Amino acid sequence: MGLKSVLCAQIEVKANKDVFHDVFTHKPHHISTMCPLHIQGCELIDGVFGTIGSKLFWTYNLEGQKKISKQIIEGIDEGKKVITFKEFEGDLVDKYDNWKATLHIEQKGEIDLVCWTMEYERPNENAPELTNLMDFIIGMTKAIDDHHVKMN
């Protein structure tokens with residue numbers, strides 16, 4: 001059993017907050033057109049977009065290196081605007097156990113926040129925290145936000 005880690009980020013967005021839940025739940029295959037420097041593709045491997053148990057194949061670029069991630073949609077709560085992805089194959093689980101990411105939307109007063117929580121287990125103390133991946137997720141979120149702001 002590894003060392004459990006949790007990283008969280010809250011990103012203020014200008015676009016309609018519901019866009020993020022909708023895109024990641026029902027249209028993840030569109031994300032590569034919104035932030036092509038981050039995400040190069042998302043394909044449906046099994047199931048139907050927007051349903052628990054569906055499997056996705058992501059290609060992305062992290063710090064100049066091409067990466068892959070095969071993920072299962074572990075949970076969706078349409079009312080609370082929450083979706084959880086768990087990697088079952090790819091560059092992350094080759095080094096870290098039980099990686100999953102949860103996206104949820106919060107509103108604090110007039111401010112809309114896209115919130116990401118990453119949970120994983122490091123194999124030992126020498127394995128670095130995934131702060132570079134959280135920075136990537138923050139950058140991706142901002143790029144998607146900019147894309148939607150420019151469209152409106």
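**A look at strand β7**

Reply: Let's start at one pair: Asp97 stands opposite Glu121, a residue of β7. This is a predicted model, where local features need pLDDT of at least 70 and side-chain atom pairs 80 or more, while totals for chains, interfaces and linings use all residues. Residues count from 1 along each chain as its sequence is written, and side-chain values use heavy atoms, without hydrogens or water.

Strand β7 itself covers residues 111-122. (Strands are DSSP runs of E with at least two residues, helices are runs of H or I with at least four, and the numbering starts from the N terminus.) One partner of β7 is β6, residues 97-108, and the two run antiparallel over 10 bridges; DSSP must find at least two bridges for strands to count as paired. Between β6 and β7 there are 2 residues, which makes the two strands a hairpin. Look for Gly109 in that turn: its phi is positive, about 65°.

Now turn to another partner, strand β1, made of residues 3-13. It too is antiparallel to β7, and 11 bridges join the two.

How many of the 12 residues in β7 are buried? The count is 10, so the strand is mostly covered. Here buried means under 20% relative accessible area, exposed over 50%, and partly exposed in between, using a 1.4 Å probe and protein chains only. In a regular strand, side chains alternate between the two faces of the sheet.

Val114 and Lys142 are 28 residues apart along the sequence, yet their C-alpha atoms lie 9.7 Å apart in space. Lys142 belongs to helix α3, which spans residues 131-151. Because its relative accessible area is 46%, Lys142 counts as partly exposed.

For contrast, visit helix α1, residues 17-26, where Phe20, His21, Val23, Phe24 and Thr25 are buried. At the start of α1, Asn16 brings a side-chain oxygen to within 2.7 Å of the backbone nitrogen of Asp18.

Finally, step back to the whole span. An unreviewed UniProt entry annotates residues 2-151 as "domain: Bet v I/Major latex protein"; such annotations may be inferred rather than shown by experiment, their names are shortened, and positions follow the numbering used here. This span is 49% strand and 23% helix, and its end C-alpha atoms are 44 Å apart.

How values were computed
A polar contact is a pair of N or O atoms within 3.5 Å; within protein, one must be able to donate a hydrogen and the other to accept it, and residues adjacent in sequence count only if both atoms are side-chain atoms.
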